[in-house]
Structures are given as C-alpha cells and as structure tokens.
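My notes follow the order in which I looked.

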Amino acid sequence: MKCLVPIKRVIDFNVKVHVKADGSGIDTENVKMSVNPFDEIALEEAVRLKEKGIASEVVAVSVGSNMVSETLRVALARGADRAILVEHVRELESINIAKILKAIVQKEMPVLVIMGKQAIDDDCNQTGQMLAALLGWAQGTYISKLTVHSKDKKVEIEREVDNGLEVLTLALPAVITVDLRLNEPRYISLPNIVRAKNKPLNIVTVQQLGLELKEHTKLLKVEPPVMRRDCIKIKSVKELVDKLIDDKII
Amino acid sequence: MISKGILVLAEHDNHQLKRATANVVSAASQLPGEVVVLVVGMECEAVVEAVSHLSQVKRVLVCEAPSYAEGLAENIAVLVAEFGKAFSYVLAPATTYGKNILPRVAALLDVAQISEITRIIAEDTFVRPIYAGNALATIQSLDPIKVMTVRPAAFKAAPMVSSSAAPIQKLFFAADLKLSHFVTRKSSIAKGPELSSAHVVVAGGRGLQKGENFGLLEDIAQKLGGALGATRAAVDAGFVPNDYQIGQTGKIVAPDLYIAIGISGAIQHLAGMKDSKVIVAINKDPDAPIFQVANYGMVGDLFQILPELSQELAIRIDKT
Ligand SMILES: Cc1cc2nc3c(=O)[nH]c(=O)nc-3n(C[C@H](O)[C@H](O)[C@H](O)COP(=O)(O)OP(=O)(O)OC[C@H]3O[C@@H](n4cnc5c(N)ncnc54)[C@H](O)[C@@H]3O)c2cc1C
C-alpha cells in the first residue's frame with residue numbers, strides 16, 4: 001500500500017508574523033520556514049505504517065518554488081522514501097492545489113493520501129476534502145486515530161468534532177486529514193539527515209502535468225488585527241468582581 | 001451581478017438545530033438575494049420547524065434519506081452541489097460540520113472555497129483571518145458561485161420569530177456513495193451552555209495541573225452561567241476532552257466575558273478567544289503574554305484566587 005503525503009512549507013509556528021507595511025501580505029524575508037506542523041504528523045503516521053509493514057512506500061509531495069525542495073529534504077529525513085516537487089511560483093488557492101495533487105495521485109496511484117487538516121499560514125482547512133471530491137474518494141477529516149484493515153480494503157478512523165469524537169470506516173482508497181493528537185512526530189536523527197541527501201527528489205512543472213489553472217480569488221489586502229488591550233492590573237478578587245459588575249458584564 | 005440567492009446549509013443532529021446556523025443566516029442576510037436554508041438529514045422535523053422560524057429565511061428546503069442521517073460529507077456534498085449550483089452563494093458554519101462538507105461542495109462545483117469569513121465588505125469581497133488571526137486578509141472572489149464558511153462568532157445570530165414561518169419544500173434526492181460508514185459517536189456531555197455560543201467562558205490551561213482541578217473552574221462557570229474551555233496543553237494532558245479546546249485548531253469563541261486561568265497566551269490559543277468582549281487573565285507569571293490581550297489581569301496563584309473568587313461571586317451575584 002503506497003502512501004502519499006502532501007507537505008506545505010510555512011512560516012515556523014514559533015515566529016511572530018508581521019504584516020508588510022504596504023498591506024500586500026506577510027513578511028517572509030529572513031523568517032524561519034518549516035514543514036506545516038499538521039503535515040509533520042501526517043508524515044509521521046505514514047512512516048509508522050511503513051515501519052509496521054502496512055505501507056510499502058511513502059512519497060512526499062509539495063507545490064511551490066524551488067525553495068520548497070529544502071522542506072522536502074526535511075520530509076525525506078523524517079522517513080519519506082522519495083519526494084516530488086511541483087514547481088509553481090504564484091500562490092495558489094486550495095482548489096488548484098487539489099487539482100495538482102489529483103494529477104500526482106493519478107500518476108502515483110497511492111491507496112492512502114495522508115495530509116494535515118490545515119496549514120497554519122492560511123488556515124484554510126480545505127485541500128484534503130477537495131482532493132477527495134475530485135478523486136471521488138472517501139474522506140476522513142480531523143483524525144486522532146487510524147487503524148488500517150488492508151484485507152478488507154478499509155480504514156477505521158476516529159475524528160475530533162465539535163461535540164466529541166466520531167468513529168467512521170472509509171473504503172480505500174481514501175484521503176485522510178490529521179489533527180494534532182494523532183501522534184507525536186519523532187526527532188530527526190543526524191544519520192537520517194545525511195541519508196535524505198541521497199533520496200530521490202523529482203521536479204515536475206504544472207505544464208508537464210497537463211494542467212491549466214484558473215484564478216479563483218484575488219488577495220486585495222492584508223492588515224494586522226487589533227490585538228492589544230490596556231490591561232488593568234487587579235489586586236484583589238473583590239476589586240475584580242466590582243469591575244465586572246460596573247461594566248455590567250456579570 | 002444579479003444574485004440568484006444564498007443557500008445556507010443548516011447544521012443539526014436531526015433533533016436540534018445548531019445555533020451556528022442562525023449566525024450564518026444573519027451573515028447571509030447581508031448579501032444580495034433571497035436566503036434559502038437547506039436541511040439535510042433523516043427524520044429532522046423539529047429542525048425544519050426551527051429553521052422556518054428564523055428571521056430572514058425566505059424558504060426552507062428539506063432532503064431526508066437514511067444516507068444523510070449521520071452527516072457523512074461524501075453524500076451530503078453531492079446533494080448540496082446539485083442544488084447549490086442554482087444559487088450565487090453557498091454558505092455553511094465554520095464548524096467541524098461545515099468545514100468537512102463545504103470544500104467538497106466547492107470542488108464538485110469547480111470553484112474556490114473561502115474559509116471562515118468574519119466580515120462582508122461587498123457582494124464579492126470578504127475578510128477572513130489568516131496566521132491564527134495575526135493578520136486579516138481581504139479577498140475578492142472571481143467565481144460565479146461563492147462557496148464560503150462563516151465564522152459564527154463574527155455575526156450576531158438571526159432571531160427566531162414565532163409569528164411567521166417560511167414555506168417548506170421537500171427535495172427527493174438520495175445520494176449514497178457508500179464511501180464512508182458511520183460506526184459510533186462519543187459525545188462528552190458538558191454541563192451548562194454550549195461552549196461556542198456561551199456568554200461567559202471560563203477556560204483553564206496547563207496551570208491547572210490535573211483534571212480534577214477543573215472542578216474549581218466548573219464552580220465559577222456555574223455561578224456565572226458559563227461554559228468551560230481549555231487550551232491544547234490541557235487537552236493533550238488529558239485534563240478535559242478534545243471538544244473543550246479553544247484556539248487556531250479548536251473552537252473560536254467570542255463571549256461577553258472570557259476568564260483565562262493558568263493559560264500562558266500562546267498565539268494559537270489567542271486565535272480562538274481574542275475577540276471576546278472582556279478578557280480576564282489569572283496567571284502567576286506577570287510576563288505571561290495573555291496579559292497583553294486582557295482587560296483585567298490578576299497576578300497570583302490560581303489555587304488561592306479561585307476559591308476566593310467563588311466565595312465573592314456567591315455573595316455578590318444575585319441568583320434570581
Ligand atoms: C499547529 C499548532 C496548533 C495549536 N493549536 C492550539 C489551539 O487551538 N489551542 C491552544 O490552546 N493551543 C494550541 N497550540 C498550542 C499552543 O502553542 C500552546 O502550547 C498552548 O496553548 C499552551 O497552553 P497553556 O497556556 O495551557 O500552557 P502553558 O504555555 O504551559 O502555560 C501555563 C500557564 O499557567 C501558568 N500557571 C502555572 N501554574 C499556575 C498557578 N498555580 N497559578 C496561576 N498560573 C499558573 C503559567 O505561568 C503559564 O503561563 C497549538 C500549537 C501548534 C504548534
């Protein structure tokens with residue numbers, strides 16, 4: 001069973017982001033970039049399936065500029081067997097990313113696509129569901145547990161939903177998107193970083209995939225939100241309750 | 001653009017309409033065209049009845065089939081895409097329900113999906129938070145059908161009007177792709193109001209040290225008629241179930257009062273609560289970032305402050 005794991009390069013979750021002064025976007029110059037944390041969890045899950053003898057191969061794929069190959073090397077060090085970079089410069093909407101991933105799926109024929117439930121930059125939470133729709137496959141989103149029943153060609157998943165947990169079975173092939181509590185990704189060892197340098201990383205272009213991508217949205221501007229408040233330091237519980245009553249909050 | 005109207009996908013559990021639907025209806029009423037609500041499920045008469053009494057709703061479409069009973073995205077998306085293509089907008093709440101189904105609908109319609117809008121600027125222009133709410137993006141849609149999830153906390157809920165009811169129309173369209181199957185649901189039964197729509201939220205973090213200590217928060221929440229919430233750290237540590245999580249990857253809340261207890265204020269947590277009207281922070285570390293977004297801050301040991309607060313509230317709040 002082959003697993004495909006889509007990876008997105010994003011600003012590291014520990015970095016405080018700054019909106020560019022001209023409102024055109026977020027400053028990414030000299031900012032630490034990392035694998036989207038959810039994608040790390042997806043990759044870890046795929047690598048564990050391989051270690052258990054369930055997955056035969058783990059292929060990482062990413063869409064972006066050639067800088068993304070650095071991110072894919074990290075994925076290879078984390079245990080992916082090989083990687084594919086689909087080169088593209090413009091920021092793409094999730095629907096276009098899903099179309100690219102569909103083309104890759106049709107080439108690679110994985111049985112399971114494991115991906116993050118959202119990217120921590122645009123917070124869209126769409127691509128997995130869209131890919132599943134375009135392929136006509138089952139989807140399992142926000143999963144915190146995965147059990148593969150290869151013989152019956154299905155997986156059982158536990159999903160984190162607003163009112164608790166939900167258990168579903170999905171027919172294979174399927175797309176699943178992972179939540180934070182599925183696993184804890186391991187640390188990358190030095191030998192694995194060295195090994196990653198020799199693993200195959202193929203580059204293709206959108207044209208080579210035979211795709212024509214439409215523009216669906218235009219980003220007009222990006223602004224910082226109002227976040228800070230002037231915090232009044234309160235000395236006693238009585239004073240706090242006084243304030244809240246004065247403000248007619250309680 | 002001549003609007004062909006707005007289709008809102010209602011969220012429910014076949015028995016009860018989820019409140020978030022009323023918030024989406026209110027967002028929909030800011031857009032040009034008629035607001036039509038689609039209820040998909042099985043034996044959901046009570047939900048249909050409730051929807052028909054939501055103010056602003058012009059028509060209710062109902063489609064019932066066993067394959068829709070458990071909210072499976074694959075089946076529902078086919079139906080929503082089929083009927084949605086006659087509209088200019090297809091909206092759903094940005095809850096785990098809406099976020100699961102709507103991208104699938106958009107892909108079937110070959111359009112983009114705009115996630116979690118918080119403001120409507122024009123008929124094709126919307127604001128949505130990005131980077132855990134550290135930036136706001138204004139986005140123009142170029143698609144003929146705008147498929148969007150709406151952040152419930154950003155729009156006031158449409159009220160119920162008992163005096164009139166929108167007409168109800170039955171649809172017969174049973175999609176059953178048999179791709180996924182429902183096995184079971186494990187709901188955590190929280191006392192008090194629903195977290196996403198509560199007026200008061202009392203939230204705890206890793207500072208609580210263990211699950212039992214959430215009893216201290218429960219006591220305060222009960223006195224204030226509020227709901228309990230938590231950080232990811234508290235959920236990961238097993239103090240409370242996953243559906244208590246507030247933040248970038250949990251629930252988004254904007255209550256009148258948010259009390260953050262033993263919470264450091266990581267940006268991923270702030271993403272879920274910074275739009276609350278009044279924020280109170282209780283933390284023993286005076287430099288904790290949570291104080292930067294708080295209106296009132298108390299520096300001290302929560303294990304000392306909470307029992308005092310509970311006592312003070314018992315005296316001061318009139319329970320009538
Ligand atoms: C991709 C990603 C997504 C994430 N999504 C979310 C999310 O949705 N929601 C979320 O909450 N987090 C999320 N996180 C995690 C987030 O980064 C923080 O790790 C988390 O919010 C910290 O939780 P905390 O404040 O409870 O714990 P800590 O940061 O450990 O803070 C505990 C606080 O308690 C205080 N304290 C301790 N003892 C006492 C005492 N006796 N009295 C008073 N104060 C005390 C301490 O001073 C400290 O400030 C996410 C992280 C990542 C990487």
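I began with Asp123(A), which I found in the loop between β6 (112–116) and α4 (127–135) of chain A, where helices (H or I, at least four residues) and strands (E, at least two) are DSSP runs, numbered from the N terminus. Phi of Asp123(A) is near 50°, a positive value in a residue that is not glycine. The peptide bond from Leu172(A) to Pro173(A) is cis, with omega near 0°, and Pro173(A) sits in the loop between β9 (164–171) and β10 (174–178) of chain A.

I note for the record that this is a predicted model, in which local features need pLDDT of at least 70 and side-chain atom pairs count only at pLDDT 80 or more, while totals for chains, interfaces and linings use all residues. Residues are numbered from 1 along each chain as its sequence is written, chains are lettered from A and ligands numbered from 1 in the order in which they are written, and side-chain values use heavy atoms, with hydrogens and water left out.

Next I turned to the interface, where 85 residues of chain B are in contact with 78 residues of chain A (heavy atoms within 4.5 Å). The two chains bury about 7,100 Å² between them, 55% of it on carbon and sulfur atoms; buried area is the accessible area (1.4 Å probe) that two parts lose on being put together, summed over both. Thr96(B), Tyr131(B) and Tyr296(B) supply 10% of the area that chain B buries against chain A, more than any other three residues.

Tyr296(B) came up again when I looked at strands, which pair if DSSP finds at least two bridges between them. Strand β13 (residues 232–233) of chain A pairs with strand β16 (residues 296–299) of chain B in the parallel sense over two bridges, and Tyr296(B) is the bridge partner of Ile232(A). Within chain B, strand β15 (residues 278–283) also pairs with β16(B) in the parallel sense, over four bridges, and there Asn283(B) stands opposite Val299(B).

How many salt bridges does the rule find across the interface of chain B and chain A? I count six, taking a side-chain nitrogen of Lys or Arg within 4 Å of a carboxyl oxygen of Asp or Glu; the side chains of Lys186(B) and Glu158(A) meet in a salt bridge at 3.0 Å, N to O. Over all chains the search finds 35 salt bridges. Lys2(A) and Glu57(A) also meet in a salt bridge (4.0 Å, N to O), and this pair links distant parts of the chain, 55 residues apart, with Lys2(A) in strand β1 (residues 2–6) and Glu57(A) in strand β4 (residues 57–64) of chain A.
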